[in-house]
Amino acid sequence: MNRASLDKQPADVARMFDDVAERYDVTNDVLSMGQDRRWRKQVVEAIAPKPGDLILDIAAGTGTSSEPFDAMGAHVVPADFSLGMLRKGKRRRPDLAFTAADATQLPFDDGVFDTVTMSFGLRNVQATDEALREFRRVTKPGGTLVICEFSTPTNAAFRKVYSEYLMSALPKIARRVGSNAESYVYLAESIQAWPDQAGMATRLQDAGWGKVEWRNLTGGIVALHRATKPRTLG
C-alpha cells in the first residue's frame with residue numbers, strides 16, 4: 001500500500017513515509033517553494049535551545065529538523081516511526097541518536113526532556129490527543145512543547161487558492177520530482193482535515209498543557225503552537 005487513508009493506521013502511514021524517504025527532503029523543498037526552510041528556522045527560534053538542553057524531535061524523519069539543535073550545543077534525539085526515514089538519516093548523520101518511536105508510546109522516562117517538538121507530523125498520528133499527553137509525560141515540569149503544523153490560511157480568497165493547489169498541483173509536482181504522488185494526495189487531504197489554529201490550541205489545553213499560544217507563518221499556511229508543562233498539578 002503506497003497511500004495511507006485518513007483513518008491513519010500507523011503501519012500504513014509508516015510504509016507511506018518509507019516509500020518517499022529517499023526524495024522526501026528535496027520534494028518538500030520544491031513543493032513549499034523553499035518556505036519549509038524558513039518554517040524550520042522559526043521552530044528553532046521559538047525553542048531557543050541552550051547548550052546542554054535535551055530536546056526530543058518527534059517525526060524528525062531524516063534528521064534535517066534536528067541538525068540546528070545539535071549545532072547550537074543541545075543534545076537532540078531525532079525520533080520517528082518510519083524506519084526508512086531513520087535509516088537515511090543515520091547514513092547521513094551517524095553521530096545523532098536516531099530512535100524508532102511511536103508518538104503515542106514513547107520509549108522514554110517521565111520528565112526527561114527540556115523541550116519536545118514536532119514539525120509536520122502530528123496530523124499523521126492516529127491518536128492525536130494521546131500523543132499530546134505522551135509529549136507532556138516525557139517533558140520536564142516547566143518545559144516546553146513546540147508544534148509546527150500546516151493550518152488554515154487566514155485570508156478567505158487565499159484559502160481557496162491554496163486548497164486548489166493542495167489537491168491539484170501538489171501531487172503533480174511530487175510526481176515530477178520523483179516522489180510517490182499518491183502519498184502526497186494523502187498529505188494534501190490530511191492538511192485539509194486538520195483543525196484550525198484555535199482548534200489546535202484547544203486540543204493542547206485539553207491534553208494538560210498550559211500557556212498555549214500560536215503564531216501564523218506564511219499567512220496561516222503553517223501555525224507554530226507553543227505550550228508549557230505546568231510545574232504543579234491543578
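Predicted model: local features only at pLDDT ≥ 70, side-chain atom pairs only at ≥ 80, totals over all residues.
What volume does the largest cavity have? It has a volume of about 50 Å³.

View 1. Residues are numbered from 1 along each chain as its sequence is written, and side-chain values use heavy atoms, with hydrogens and water left out. The count is two cavities of 30 Å³ or more. A cavity is a set of points, on a 1 Å grid over the protein atoms alone, where a 1.4 Å probe fits but cannot get out. Its volume is the space filled by probe spheres set on the points, joined across faces, edges and corners.

**View 2. Lining of the largest cavity.** The lining (residues with an atom within 4 Å of a point) consists of Arg 40, Val 43, Val 44, Asp 57, Ser 65, Pro 68, Phe 69, Thr 117 and Ser 119. Helix 3 (35-47), helix 4 (67-71) and strand 4 (113-119) each give two or more residues. Helix 3 gives the most, with three. Helices (H or I, at least four residues) and strands (E, at least two) are DSSP runs, numbered from the N terminus.

**View 3. The second largest cavity.** Its volume is about 40 Å³. Ile 147, Glu 149, Phe 150, Ser 151, Trp 194, Pro 195, Asp 196, Met 200, Ala 223 and His 225 line this cavity. Strand 5 (139-150) and strand 7 (222-228) each supply two or more of the lining residues. Strand 5 gives the most, with three.

Terms used
1 Å grid on protein atoms, 1.4 Å probe; cavity = no way out; pocket = protein on both sides within 12 Å on 5 of 7 lines; lining within 4 Å.
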